Amino acid sequence: MICHDCKAEEGYLHTPGCDMEKCPKCGDQIISCECDNSKLSDKERIPWICYPNMCSRCGKLWPALFLLPDEEWKKYVEPEQRKSVLCFDCYQHIKEAIDICFYETKSGTPFLHGQVVQQIEAGQYEPL
Ligand SMILES: [Zn+2]
Ligand SMILES: [Zn+2]
Ligand SMILES: [Zn+2]
């Protein structure tokens, strides 16, 4: 995997100014972070290693990024997973799974798969 931007081989330093180079101080893009890296020696710079983005649910490499309102992300994605990457298909799956699952309506009536249900025993419901 060579750096798509400056064509460095893995293990080598990027060409100065490459936007794939990470800042050794903060971990962000070195060309846009706030740190003072003017005296950085080559020894301190971070050589190029490819860490592919991967959907943390299905393992798909380089999933297309999509934008979501923060509240939606927090509503559906559990705290541990919020820093990871999900592909859109997996996000849709999670969202649907959560949306159709059992929840109590405001009036306290249980709802399952879009139907009003009654509880027959713990964890078991049937349509009313
Ligand atoms: Zn590069
Ligand atoms: Zn920095
Ligand atoms: Zn996925």
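## Model and confidence

pLDDT is the predictor's confidence in each residue, on a scale from 0 to 100. In this predicted model, the mean pLDDT of the protein is 86, and 86% of its residues reach 70 or more. Among the elements, H1 has the highest mean pLDDT, at 90, and strand E1 (residues 103-104) the lowest, at 59.

Residues are numbered from 1 along each chain as its sequence is written, while chains are lettered from A and ligands numbered from 1 in the order in which they are written. As the model is a predicted one, local features need pLDDT of at least 70 and side-chain atom pairs count only at pLDDT 80 or more, whereas totals for chains, interfaces and linings use all residues.

## Secondary structure and contacts

Helices (H or I, at least four residues) and strands (E, at least two) are DSSP runs, numbered from the N terminus. The protein has two helices and four strands, in the order α-α-β-β-β-β from the N terminus on.

Two residues are in contact if their C-beta atoms, placed from the backbone, lie within 7 Å. Of the contacts between residues at least 6 apart in sequence, 32% join residues at least 24 apart.

Of the 128 residues of the protein, 6% count as buried.

His14 lies in the segment before H1 and is buried, because 21 other C-beta atoms lie within 10 Å. Leaving aside residues up to four places away in sequence, His14 touches Cys3, Cys6, Ala8, Met20, Glu21 and Trp48.

Most residues other than glycine have a negative phi. Lys7 is not a glycine, yet has a positive phi of about 70 degrees. Lys7 is placed in the segment before helix H1 (70-76) and counts as exposed, because it has 12 C-beta neighbours inside 10 Å.

Trp62 also has a positive phi, near 45 degrees. Trp62 lies in the segment before H1 and is exposed, with 11 other C-beta atoms within 10 Å.

## Val117 in strand E3

Val117 belongs to strand E3 (residues 115-121). Val117 counts as partly exposed, because it has 16 C-beta neighbours inside 10 Å. The C-alpha atoms of Val117 and Pro127 are separated by 4.1 Å, although the two residues are 10 apart along the chain.

Definitions and conventions:
A residue is buried if 20 or more other C-beta atoms lie within 10 Å of its own, exposed if 12 or fewer, and partly exposed in between; C-beta atoms are placed from the backbone.
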